[in-house]
Amino acid sequence: MARRALLPEIIRHAVLIMGAAAMVSPFVVMVAISLKPPGEIFAPQFSLLPQQWHAFENYRDAFTRVPLARFLLNGFLVTFCIFAAQAATALPMAYALAKLRWAGRGAAFALVLLALLVPPQVPAIPLYIALWQLDLLDSYAAIILPSTISVFGIFLMRQFFRTVPDDLIAAARMDGMSEFAITWRIMLPTAYPALAAFACLSFIWNWNEFFWPYIAIQSEHLATPPLGIAFFSNVEAGTNWGPLMAAATVVTAPLALAFLLAQRAFVRGVTMTGLK
Amino acid sequence: MASVSLEGIGKRFGATPVLQGVSLDVADGEFLALLGPSGCGKSTLLRIIAGLEGCNAGTVRLDGQDVTELPAKARNLAMVFQSYALYPHMTVRRNIAAPLELRRLSAWRRPPLPGALLPSARAIRAGIAAEVAQVAESLGLSALLDRRPAQLSGGQRQRVALARAMVRRPAAFLMDEPLSNLDARLRGEAREEIVALQRRLGATVIYVTHDQAEAMAMADRVAVMQAGRLLQVAPPQALYDAPASLEVARFVGSPPMNILPARIGLGGRVEVEGVALPFHGPACPGPRLGVRPEAWALGAEGLPARLSRIERLGAEAILHAALAGSGTVVTVRLAPEQAAGLSPGQALHLTPRAAHLFDEEGLRRPLHATLPQHADHG
């Protein structure tokens with residue numbers, strides 16, 4: 001590789017580092033506060049590390065004052081169910097849109113694109129009324145059902161499936177696979193990287209989702225993590241910042257982990273699509 | 001193995017006709033090459049036989065049975081693709097086993113867990129494993145069974161694709177330019193391998209290619225296609241010696257046949273550029289004379305031409321010579337010793353020893369060599 005000029009390289013990295021620092025700083029503050037005793041949090045002099053460690057107390061309070069573990073469990077359950085449903089619907093749909101020829105395919109894809117433009121708040125009231133009529137409000141189903149079909153997932157997987165060679169599908173048909181078998185046995189394994197990316201995004205969105213669970217859920221034991229934190233700050237009237245930030249750190253940790261895992265899958269995905 | 005019979009196959013993509021009334025019979029155990037330039041519809045025809053593509057008209061028969069409406073998986077045909085189309089996430093072993101597993105194991109026996117517990121499934125799996133091992137052995141793939149396609153060379157992938165096609169003993173093999181992704185040396189080896197395999201299995205093979213040398217070298221019969229039509233179906237030598245039309249004559253043979261505007265003179269004598277040649281044929285509109293590069297003789301008489309370039313290829317020499325009258329460049333194939341003394345710029349006289357006559361529509365007309373009159377003098 002040719003040696004690039006040093007100065008532009010330094011400037012480029014400096015800009016990137018500043019951007020990264022700006023992104024990370026709220027999280028750093030969050031973690032820092034979660035380690036400090038109440039007295040230090042609003043001290044005029046901000047320091048990253050506490051003078052007196054209060055981490056154990058903060059995290060213990062976070063788990064004991066509210067059922068944080070339960071919230072986390074709810075969060076995992078709900079995001080897992082949503083992703084499973086989204087994958088189960090998006091993969092066959094994406095396969096049909098990308099590789100099968102049928103009347104109305106163009107219109108169906110246009111509908112998918114159109115649905116991407118609809119903000120989630122728009123159908124909130126009809127969904128609420130529908131769930132109320134089905135008597136499903138204030139249940140896991142109330143959070144899961146409205147998210148079972150992800151048009152973004154359909155779109156993403158469709159774009160990826162289009163890159164799968166037609167010969168591969170033709171070979172599978174000659175070998176005797178049904179269209180469903182092709183979806184699950186051929187398309188799915190070749191699409192792992194794309195699916196991993198989608199899983200990561202779906203997890204992050206649904207884990208962080210506050211608006212819809214806030215509307216659909218009243219019971220504390222069904223609350224998802226962001227909702228749980230909201231309960232938390234209400235209970236304590238916002239006075240006890242240490243445990244609140246400890247809870248926020250705990251809730252954010254799976255997201256950071258998911259991102260790091262997906263990052264590795266992305267790289268694997270790139271090397272995998274390199275094969276012909 | 002089975003015979004394949006096509007009758008009046010027609011196919012349109014939208015308003016564009018891709019295939020028009022293609023009828024073709026492939027005998028049991030025959031190696032038939034579908035030869036044509038890209039876009040002539042040969043791959044589409046193969047996909048229609050495979051059942052991967054529907055047709056707008058006509059009938060496909062396998063062993064006399066109408067399969068036109070059957071889906072691909074019900075036809076028991078195997079296909080080898082140009083890109084090999086191996087399943088990238090499966091090992092070679094599983095790639096080869098896939099068609100057998102899909103046919104013999106019902107869906108609920110396929111997943112590994114119930115599969116391992118059910119004795120019946122285990123017996124079927126053992127049978128499959130044995131057949132996979134045998135096919136892999138016969139193609140020299142035994143050492144590669146646990147690799148993935150990405151870890152194989154082009155030639156190895158091609159053999160895996162063949163193994164996957166062979167393993168379920170299909171009624172016929174369909175091959176869509178299976179060698180065009182290989183380098184020249186491997187292609188030669190693979191050619192022999194495929195032909196040997198076909199002979200050994202007594203397999204019916206329909207082989208699509210745009211490479212006429214490949215078609216001629218491998219096939220029992222060659223079907224030449226152009227613009228969605230079948231031009232001629234004949235054994236390689238017959239195709240070369242007696243092309244039915246100008247298109248076939250142009251397409252088969254390398255360097256291609258020289259095509260010269262001709263005139264049928266008095267008594268049916270053929271003239272090119274005003275020079276009478278030792279052939280006579282029927283009067284017809286727009287006659288053209290086709291001469292293979294190796295059919296030219298150099299001599300003291302004949303068409304005057306000027307040598308512009310010589311390619312000395314070792315086993316032969318190819319001359320490019322411009323005819324004196326029109327400047328049309330003709331190619332001449334000579335043995336190297338015949339071309340030894342020649343140099344560019346030299347004047348030549350060319351006489352065809354054999355030729356073909358084509359009329360205005362490009363159809364071949366009978367042409368007879370005139371009895372060599374001046375031979376009597378000398």
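Okay, let's start in chain B: B:Ser5 has B:Arg61, in strand 4 of chain B, as its bridge partner. Strands here are DSSP runs (E, at least two residues), helices are runs of H or I with at least four residues, and both are numbered from the N terminus.

Before I go on, the housekeeping. This is a predicted model, where local features need pLDDT of at least 70, side-chain atom pairs count only at pLDDT 80 or more, and totals for chains, interfaces and linings use all residues. Residues are numbered from 1 along each chain as its sequence is written, chains are lettered from A and ligands numbered from 1 in the order in which they are written, and side-chain values use heavy atoms, with hydrogens and water left out.

Back to that pairing. Strand 1 of chain B, residues 4–13, runs antiparallel to strand 4, residues 57–62, with five bridges between them. For two strands to count as paired, DSSP has to find at least two bridges. Another bridge puts B:Val4 with B:Leu62 of strand 4. B:Leu62 also has a partner in strand 5 of chain B, namely B:Gln65.

Zoom out, and you get an open, antiparallel sheet of four strands in chain B, ordered 2-1-4-5. Its edges are strand 2 (16–26) and strand 5 (65–66) of chain B, each pairing on one side only.

Chain B has another open sheet of four strands for us to look at, antiparallel, in the order 11-15-20-21. Strand 11 (258–261) and strand 21 (364–365) of chain B have a single partner strand each, so one side of each has no neighbour in the sheet. Strand 11 of chain B is joined to strand 15 (residues 288–291) by four bridges, and B:Ile259 sits opposite B:Gly290 of strand 15.

Now, a loop. B:Tyr84 is between strand 6 (77–80) and helix 2 (92–104) of chain B. Is B:Tyr84 buried or exposed? Buried, because its relative accessible area is 4%, and the cut-offs are under 20% for buried, over 50% for exposed and partly exposed in between, using a 1.4 Å probe and protein chains only. Beyond four places in sequence, its contacts (heavy atoms within 4.5 Å) include B:Gly154, B:Arg157, B:Pro178 and B:Leu182. The C-alpha atoms of B:Tyr84 and B:Leu179 are 9.6 Å apart, across 95 residues of chain.

Cysteines next. B:Cys40 is buried at 2% relative accessibility, and B:Cys284 is buried at 11%.

Last stop, chain A. A:Thr249 is in helix 14 of chain A, residues 241–273, and is buried at 15% relative accessibility. Leaving out residues up to four places away in sequence, A:Thr249 touches A:Met30, A:Val31, A:Ser34 and A:Tyr59.

And A:Phe27, from helix 1 (residues 6–34) of chain A, is partly exposed at 43% relative accessible area. That's me done, thanks.
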